[in-house]
Amino acid sequence: MINVILLLAGLALILFGADFLTDGASSLARRFRISPMVIGLTVVAFGTSAPELSVSVLSALEGNAELSIGNVVGSNIFNILMIVGVTAIVAPIVITRATLTKEIPLAVLSSVVVLICANDVLLGTGETNVMDRADGLLMLCFFAIFMGYTFAIARDGDASAQPEIKSMPVWRCLLYIVGGLAALIGGGTLFVNGASEIARSLGVSESIIGLTLVAMGTSLPELATSVVAALKKNPEIAIGNVIGSNLFNVFFVLGASATISPLPMGGITNFDLLWLLGASVLMFVAGKYYKVRMITRSEGVVMVVAYIAYTGLLIAAL
């Protein structure tokens, strides 16, 4: 019973925090003439990825590699297929040219990097598949490049083009952002704790817990934030949040975790990594073709169905 209460309390905090965070970040972008995409890629994305960071780093420190890697891989699959899919169903997502040609390809690149770093045996660089410290440092270098790119475009925003964003004083923007992040992190932690205990009581493996329940739980902030942003007519924050979170999860969260302690792949296989790569490519294809730079409701449905199929195959393999 207590675990169910934790789940519900965590969900309530996540929804509350997402609303405040979106309002604060949008207003801050308008006030300082910063592109909403940049806000989505940084403040919102990093904040909503805080649960993944805490879970993966703590798991690495405790020697639980499968939970650490599974959390990142599972969260990124969930982010693309479920979050982008659900957000597009709620409100079709218009994709800017820069997002299609620069940000989404970076998300595809991050999936390729994980696939390469995780295949030591296939590539003949080791006897077992392990993400070692060299892989971790390489990912952190990619993260530094991503941050450099983000700050380079930070002043491209046009506040006058965003009349629907509520104007607030800077102190209130910061209060909304900090309060929203605190609620998101706290709610995500409560949800993960409750979900993990329920899963373990059912005898589910750590890799499956990481790829599914923990991944979904730590991604709930991204889901809530993206849907709220879409409803408030801020599609750039919605898609930027997902892309930024995925890049942060791979290049920083997984990079930092592998640098702290080498991570044997264990039950995380190429099946999962190829689904992640396929999801990233699907997001690019959905944004580029069929409609002019738009992820439509029908494409959102396809993404959600793909995630359900992935989860079903994981469960069937138990």
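Predicted model: local features only at pLDDT ≥ 70, side-chain atom pairs only at ≥ 80, totals over all residues.
Visitor: Are α5 and α7 roughly parallel or roughly antiparallel to each other?

Guide: Helix α5 comprises residues 97–117 and helix α7 residues 133–152; helices (H or I, at least four residues) and strands (E, at least two) are DSSP runs, numbered from the N terminus. The axes of α5 and α7 are 11 Å apart, at an angle of about 175 degrees. Axes are lines fitted to C-alpha atoms, for helices over the stretch in contact, and angles run from 0 to 180 degrees between N-to-C directions. The two helices α5 and α7 are therefore roughly antiparallel.

Visitor: Which residues of α7 make the contact with α5?

Guide: Contact means heavy atoms within 4.5 Å. On the α5 side the contact involves Lys-102, Glu-103, Leu-106, Leu-109, Val-113 and Cys-117. Their partners in α7 are Asp-135, Leu-138, Met-139, Phe-142, Phe-146 and Tyr-149.

Visitor: What is the relative accessible area of Phe-142?

Guide: Phe-142, in helix α7, touches Leu-109, Val-113 and Phe-251, residues up to four places away in sequence not being counted. Its C-alpha is 8.6 Å from that of Phe-252, although 110 residues separate Phe-142 and Phe-252 in sequence. Buried means under 20% relative accessible area, exposed over 50%, and partly exposed in between (1.4 Å probe, protein chains only). Phe-142 is partly exposed, because its relative accessible area is 24%.

Visitor: How far apart are the axes of α5 and α11?

Guide: Residues of α5 including Leu-100, Ile-104 and Val-108 meet residues of α11 including Leu-273, Leu-277 and Met-283. The angle between α5 and α11 is about 170 degrees, and these helices are therefore roughly antiparallel. The distance between their axes is 9 Å.

Visitor: At what angle do α3 and α4 pack?

Guide: Glu-52, Val-55, Ser-56, Ser-59 and Ala-60 of α3 meet Leu-67, Ser-68, Asn-71, Val-72 and Ser-75 of α4. The axes of α3 and α4 are 7 Å apart, and the packing angle is about 155 degrees.

Visitor: What does helix α3 reach from its first C-alpha to its last?

Guide: Helix α3 (residues 50–61) has 12 residues, and the expected span of a helix is 1.5 Å times one less than its number of residues. After α3 comes Gly-63, with a positive phi near 80 degrees. The helix α3 is close to its expected 16 Å, reaching 16 Å.

Visitor: Is the pair of Phe-78 and Tyr-307 stacked or edge-to-face?

Guide: Rings of Phe, Tyr and Trp (its six-membered ring) pair if their centres lie within 6.5 Å; planes under 30 degrees apart count as stacked, over 60 as edge-to-face and the rest as tilted. Phe-78 in helix α4 and Tyr-307 in helix α12 are 229 residues apart, and both are buried. Their ring centres are 5.3 Å apart and their planes at 85 degrees, so the pair is edge-to-face.

Visitor: Which residues do ring pairs link into a cluster?

Guide: The rings of Trp-275 and Tyr-310 have centres 5.3 Å apart and planes at 50 degrees, so this pair is tilted. Trp-275 is partly exposed at 23%, whereas Tyr-310 is buried at 0%. The cluster linked by ring pairs consists of Phe-78, Phe-271, Trp-275, Tyr-307 and Tyr-310.

Visitor: Which residues does Ala-224 touch?

Guide: Ala-224, in helix α9, counts as buried because its relative accessibility is 7%. Not counting residues up to four places away in sequence, Ala-224 touches Ile-14, Leu-15 and Ala-18.

Conventions:
Residues numbered from 1 in each chain as written. Heavy atoms only, no water. Parallel < 35°, antiparallel > 145°, perpendicular 65-115°, else oblique.
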